[in-house]
Amino acid sequence: MVIQAKSDYLITNNVIIRNKIALTAYTEPERSLQRKKEKEMAKYSPNQNALINQAITFATMAHGSQVRKGNQNIPYIFHPIDVANEVIYFSGLPNDEIEIASVLAILHDTIEDTIVTREDVSNQFGIEIAEGVQALTKNTDLPQAEQLAENLERIRAAKPLVQVVKLGDRNSNLKTFPAIWSREKIGEYLDSSLVIAEALGGSSMNLKARLLMQIAENRTRLSLYTPG
Ligand SMILES: [Mn+2]
């Protein structure tokens, strides 16, 4: 028997409405299990994770079929979620700032890398989140060589909960490099990572320490594989 479970997601007026699972094809024992689950789930309502769930759905839809640079097997959404994990487990932010920082982490590449605009983010998540994501967005109208310094200046002017997202972002990016990157390119990337660690490290000693550790590890790895 084929069970047809329908779960279309729609975003309307800041609310995600999930269509009810069609129960018609279930057997009675399955229906009974379903009722038990629904009762269990009701304990968690109103949904305490609504904002995070909304951010993940929004970013997943925005990034669509994008994958990580140089690795076709990693759907892009795993990167923002990794950044949220860096913030959650390592930033040391006070508990009441963790949720908003995780939402920022999940959304941090939407304006830079997708068709999503600052207005879209503002409509869905409010002005504070939109400003945070905008601060984390490079100004690509500038020459590439000036983009990082200009961006760091804007991030430094923002709250610590915005700064930790950039530290988490770079920590995430240092976990693996695109296979096509040359040694020079990796070296430059490690140099810029040090600039980020120094500029924003005050917002989280722990994320700064992780970043310095990863920079050192990668430099060692590079020196071990010196050609010739
Ligand atoms: Mn990123």
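Helix H11, residues 205-224, has 20 residues and spans 29 Å from its first C-alpha to its last, close to the 28 Å expected at 1.5 Å a residue. The expected span is 1.5 Å times one less than the number of residues in the helix. Helices (H or I, at least four residues) and strands (E, at least two) are DSSP runs, numbered from the N terminus. The model is a predicted one, in which local features need pLDDT of at least 70 and side-chain atom pairs count only at pLDDT 80 or more, while totals for chains, interfaces and linings use all residues. Residues are numbered from 1 along each chain as its sequence is written.

The buried residues of H11 are Leu207, Lys208 and Leu211. They lie on the same side of H11, because they cover an arc of only 105° around the axis, the arc being that of the directions from the helix axis to the C-beta atoms. A residue is buried if 20 or more other C-beta atoms lie within 10 Å of its own, exposed if 12 or fewer, and partly exposed in between, with C-beta atoms placed from the backbone. An α-helix has 3.6 residues a turn, so residues three or four places apart point the same way. On the face of H11 turned away from its buried side are the exposed residues Met205, Met213, Ala216, Glu217, Thr220, Arg221, Ser223 and Leu224.

The buried residues of H11 pack against helix H3 (78-90), helix H9 (160-173) and helix H10 (183-200). Contact between two residues requires their C-beta atoms, placed from the backbone, to lie within 7 Å. Leu207 is one of the residues that Val164 touches, not counting residues up to four places away in sequence; the others include Val87 and Ala101.

The largest nonpolar core has 35 residues, of which Ala101, Leu104, Ala105, Leu107, Val164 and Val165 touch the most other members. Such a core is a set of buried Ala, Val, Leu, Ile, Met, Phe, Trp, Tyr and Cys residues joined through C-beta atoms within 7 Å. Among the elements that give two or more residues to this core are H3, H9, H10 and H11. Helix H4 gives the most, with six residues.

Strand E4 (residues 71-75) lies largely in the open, because the number buried of its five residues is zero. Strand E3 (residues 67-68) and E4 pair in the antiparallel sense over two bridges; pairing requires that DSSP finds at least two bridges between the strands. Pro75 in E4 is the bridge partner of Val67. E3 and E4 form a hairpin with two residues between them, and Gly70 in the turn has a positive phi of about 80°.
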